Amino acid sequence: MGFSKDHLLARLQELQIDYSKYEHPPVLTVEEQAKYVSSSEGALSKNLFLKDKKNRYYIVSAMTDTKVDMKVLSQRLGLGKGGIRMAPEEALSELLQVSLGCVTPFAVVNESARDVSLLLDQKFKNQTRCIFHPLSNDVSISLNTLGLDKFLQSIGRDSVYIDLEANPVVGKDQPPDLAVYVPSNSVVVPELPTKTASIQTASKNVSAEKTKPVASAKPSKLAGNVKSAVEDSALLVFKNPEKFVEEILDKTTALLLSEGKGENVEALAETFRKRLTSEFTHLAVMYKNTAYSQGFYAGTQSQPKRP
Amino acid sequence: MDVDKKDSIASDSSEQVVNPWEVAAKDGGKIDYDKLIDQFGCQRLDDSLIDRVQRLTSRQPHVFLRRGVFFAHRDFNDVLDAYERGDKFYLYTGRGPSSEALHLGHLIPFMFTKYLQEAFKVPLVIQLTDDEKCMWKNLSVEESQRLARENAKDIIACGFDVTKTFIFSDFDYVGGAFYKNMVKVAKCVTLNKAMGIFGFSGEDHIGKLSFPPVQAFPSFPSSFPHLFPGKDKLRCLIPCAIDQDPYFRMTRDVAPRLGYSKPALIESSFFPALQAKNGKMSASDPNSAIYVTDTAKEIKNKINRYAFSGGQDSIEKHREIGANLEVDIPVKYLSFFLDDDTELEHIKKEYGEGRMLTGEVKKRLTEVLTEMVERHRMARAAVTDEMVDAFMAVRPLPSMFE
């Protein structure tokens, strides 16, 4: 599953990033954390995991005394006034692979979080050290922002520091200043079985299986930085029958989950045909072309039959 | 022949100029397509033809047909008549590989050709005129060959079926049966005619003069003996942008004299530039076009900042008067790429009557284009050099009509 804290700490050491570690009983809030980690070690952080109406996710990591106004943030991101809210619990475990009370900038090390936008308080930069959970809420580590930057760079991310307390005017001639940090891709996180329609009668295990393909299919959607990974998995979809079928099922289930509420089955079937036919034909043609090309290449290399 | 009069290029800047190397509207305004049809002497693709295509192919006609993007033709009716009788045809289209950066306008003929291939179940030859670009754009031979291969990858990514498609570059393929046909065609076109059709002058080098036959005879099945042996009467249908018409007028003129069927044409209008100036999207101005390599952010940015809007200056005025749909680029682009007729009508109505704002239309457009570009990129990533080799190999295509 996701990165473990030990894994992360080992990585920090590999990168020669200096940090101090504090172990304590699991804490769910900043107040509790403050009891065990004094402010002399560094600046405590509050970490919010947010989601917008288009299923795009954000981690906002700030100094505890920084006022984060969700309305202002939403506007600055170009999402309108009420466009952003706290992400649901299942997204926390699906995308960040951490438990409650454990949101941390380090969570973006997970593949599943590749489309989550990370926004850091620029006030962190003035601190000698800042304190975050290293993927587990029974440990805290303090490190300098340069260390955090180095880590983010190592996973192909840019560090984004913003003035979280700024409240610039957003209007026709003043475009939202943070809009560029809105992720290019949205993420489908299936709801927990207890909540919705008959399709979700499956147990939690099955829905966990369903979501794994969503997480692993994301590499085939294009995110800005990691191009070669994208290309490799694109190639796989067209070469490997299992990946091919997985891709088809991902797209079908995604459509089912987004359209399948309350529609009768015939109408749904029609929608499927309409929306998916051309896309799947395209996929199938590329699959065919790949197979043919491999055969063709094999033909050029093959030795003539012995008489 | 009548052909001569119609073919002379209007060098007057107060007339619109449309030829394979230049497209400019009259006085910097819009291209007058009706006049073009008159001037060129081709025919309008009307609704009855579109219905006929629907009946013959048992599927919804492509969005480009429904929206009048492909709007003119020559002899398309005859091709359909023959098809109904059981006489197939093959498709021929091409690209001049002048740059690596392909934009959406470049993809349009290929997207349409792919639909034709699937709907009618016919084979396709694609010509990459690397020699033309070497001559006209003064590229080195190696560079134009390299660009041809790179462009081939984007073309393949449009979804052509390798068992029915032959891609070739002129530098690779010209010779043999091809060259024999080239000479036959060249013998039928006088220097004066060529100068009249293409606007050549005494200053142009002779390479240019000898090029038109190269583009002409992929229209003749005997140029592909490995594909169509013995099928000399097989008809050819050429989907292309209307500025290519001069080449094929010449070809149609020559065909009967060589005992071949005249190639049929189905022609498209130009894809407008983002800023709506002049005739068409230009690969040299990056902000006039959406490239297949643009990221989602870049697409969003380009549309928001550069797409020429027909909306009014203020929200109040807009709600009162509505948008000017004639000049609005986002709506025009949506009419090319938004498949859902109902949704497009809805947008046009709401926007035209002022209830929908430019921002919303642009947002929808960004979604549609981003999806398209990402799909293309994924397919493109899967195109290997082996695949290009396979598409370009001179090989028979036994299942080409299946």
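Visitor: Is the crossing of α11(B) and α14(B) left-handed or right-handed?

Guide: Helices are DSSP runs (H or I, at least four residues; strands are E, at least two), numbered from the N terminus. A crossing is left-handed if the near helix is turned anticlockwise from the far one by less than a right angle, and right-handed if clockwise. For α11(B) and α14(B), the crossing is right-handed.

Visitor: What kind of model is this, and what pLDDT do local features need?

Guide: Residues are numbered from 1 along each chain as its sequence is written, chains are lettered from A and ligands numbered from 1 in the order in which they are written, and side-chain values use heavy atoms, with hydrogens and water left out. This is a predicted model, where side-chain atom pairs count only at pLDDT 80 or more, totals for chains, interfaces and linings use all residues, and local features need pLDDT of at least 70.

Visitor: Back to that helix pair: how far apart are the axes of α11 and α14 of chain B?

Guide: Axes are lines fitted to C-alpha atoms, for helices over the stretch in contact, and angles run from 0 to 180 degrees between N-to-C directions. Helix α11 covers residues 191-198 of chain B and helix α14 covers 245-258. They pack at an angle of about 150°, with their axes 9 Å apart.

Visitor: Is α17(B) roughly parallel or roughly antiparallel to α18(B)?

Guide: Helix α17 (residues 329-337) and helix α18 (residues 341-352) of chain B pack at about 165°, with axes 10 Å apart. Angles under 35 degrees count as roughly parallel, over 145 as roughly antiparallel, 65 to 115 as roughly perpendicular and the rest as oblique. So α17(B) and α18(B) are roughly antiparallel.

Visitor: Which residues of α18(B) meet α17(B)?

Guide: Here α17(B) passes α18(B) in a left-handed crossing. V331(B), L334(B) and S335(B) sit on the α17(B) side, and they meet L344(B), I347(B), K348(B) and Y351(B).

Visitor: Is L135(A) buried or exposed?

Guide: Most residues other than glycine have a negative phi. L135(A), though not a glycine, has a positive phi of about 75°, and it sits in the loop between β6 (130-132) and β7 (139-143) of chain A. Buried means under 20% relative accessible area, exposed over 50%, partly exposed in between (1.4 Å probe, protein chains only). At 9% relative accessibility, L135(A) is buried.

Visitor: What relative accessible area does N138(B) have?

Guide: N138(B) also has a positive phi, near 55°, and is found in the loop between α7 (130-136) and α8 (141-157) of chain B. N138(B) counts as exposed because its relative accessible area is 69%.

Visitor: What relative accessibility does T129(B) have?

Guide: T129(B) lies in the loop between β6 (124-128) and α7 of chain B. Beyond four places in sequence, its contacts include R95(B), D170(B) and F211(B). T129(B) counts as buried, with a relative accessibility of 3%.

Visitor: What percentage of the residues in chain B are buried?

Guide: Chain A has 9 helices and 8 strands, and 42% of its 307 residues are buried. Chain B comes to 20 helices and 9 strands. Of the 402 residues in chain B, the buried share is 56%.

Notes: Contact = heavy atoms within 4.5 Å.
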